[in-house]
Amino acid sequence: MITYATAQAIGDRPVQCDATAVATESGARAWVLLDGIGITPEVRTWTREKARVLARVAAVTRSPEAAVTAARTVSDSDGYEDAFGAPDAVAVIAVHTADGGLRIGWCGDARAYWMPTGGTPEQLTVDHNEAEARRARGLTDIPYSFRHMVTSSLRRYDGMSGQIGAARPLSARGGRLLLVSDGTYAPYEDNGSDMSAPLAAATPRGAASALVRRAVSFPAKRRDNATATVVQFA
């Protein structure tokens, strides 16, 4: 049995530009979380539409990577330009197949975590941002702002800047999958906390709600859009 839920908080932003979607096709189910880059109504509308498209493509192809690649074949903005140009977003996608397999793909700094029953959350993704790129080169003096400089997204695909991540395959039994935007996980990290307690709530709905409520309650100069999707695999 699979149950899931999503919760969001707008934070201090004027518009909620995170978006989620779910699609099922011939025994495969896909969950998508996008974090829109921008704070305009055009980005919000574009991100919601793209989330639905990505979920359908991921469920049909059973491949998160194929869904991101398909999104990148559309080079225009689909009519949603704003004053800052064409909309963009980072993405994390999970696909569960009838044999119990779970595949995770992403671009940018949206994340996926896996928490086995009775265990602690394990981060499955590696952020595509300038901070991680410098850390991978052995640098340690990394400005905080570099974590917000993403190096891959749904529109960035030139060379290494457009990498699509693929996590190790999982057998989705007896645990919870968490998909989150940086507006959810970053406040926990910044305040030396972890997400184990809220993620362990009795139901996926309770866990998702507790995660985002806590995220936007931490002291901060600016609270970002926060979104969490929690999937329970019995």
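## Ground rules

Keep in mind that this is a predicted model, where local features need pLDDT of at least 70, side-chain atom pairs count only at pLDDT 80 or more, and totals for chains, interfaces and linings use all residues. Residues are numbered from 1 along each chain as its sequence is written, and side-chain values use heavy atoms, with hydrogens and water left out.

Helix and strand names come from DSSP runs numbered from the N terminus: helices are H or I with at least four residues, strands are E with at least two.

## The nonpolar core

Let's start inside. A nonpolar core here is a set of buried Ala, Val, Leu, Ile, Met, Phe, Trp, Tyr and Cys residues joined through side-chain atoms within 4.5 Å. "Buried" means under 20% relative accessible area, "exposed" over 50%, and "partly exposed" is in between (1.4 Å probe, protein chains only). The largest core has 21 residues, and V32, L34, A51, L54, A58, I93 and L154 have the most contacts inside it. Elements giving two or more residues to this core are β2 (18–25), β3, α1, α2 and β4 (89–96), with α1 making the largest contribution at six residues. As a rule, nonpolar side chains in soluble globular proteins tend to be buried together.

## Two buried residues to look at

T47 sits in helix α1 (residues 41–61) and is buried, at 0% relative accessibility. Where does its side chain find a polar partner? A polar atom of the T47 side chain lies 2.7 Å from the backbone oxygen of V43. Beyond its neighbours within four places in sequence, T47 is in contact with C17, A19, L34, G36 and A89.

A28 belongs to strand β3 (residues 28–36), and its relative accessible area of 0% makes it buried as well. Leaving out residues up to four places away in sequence, A28 touches A23, A59, R62, H96 and T97.

## Cysteines

If you're wondering about disulfides (pairs of cysteine sulfur atoms within 2.5 Å), the structure holds zero. C17 is in none, and the nearest cysteine sulfur, that of C107, is 16 Å away.

## Salt bridges

A search of the whole structure finds six salt bridges, each being a side-chain nitrogen of Lys or Arg within 4 Å of a carboxyl oxygen of Asp or Glu. One of them joins E65 and R103, at 3.3 Å from N to O. E65 is in helix α2 (residues 64–72) and R103 in strand β5 (residues 101–107), so this pair ties together parts 38 residues apart in sequence. R103 is partly exposed, at 38% relative accessible area.

Another is R111 with D127, whose closest N and O atoms are 2.8 Å apart. R111 is in strand β6 (residues 111–116) and D127 in the loop between β7 (122–123) and α3 (130–136), 16 residues apart. R111 is buried, with a relative accessible area of 5%, and D127 is buried at 9%. Both also belong to a salt-bridge network with E189.

E122 and R168 make a further bridge, 2.7 Å from N to O. E122 lies in strand β7 and R168 in the loop between β8 (165–166) and β9 (170–171), so the pair connects parts 46 residues apart in sequence. E122 is partly exposed at 33%, and R168 is partly exposed at 44%.

## Helix α6

The buried residues in α6 are P204, A207, A208, A210, L211, V212 and A215. Among the elements covering them are β1 (2–9), β10 (175–180), α4 (182–190), α5 (196–199) and β11 (226–233).

Notes. Contact means heavy atoms within 4.5 Å. A polar contact is a pair of N or O atoms within 3.5 Å; within protein, one must be able to donate a hydrogen and the other to accept it, and residues adjacent in sequence count only if both atoms are side-chain atoms.
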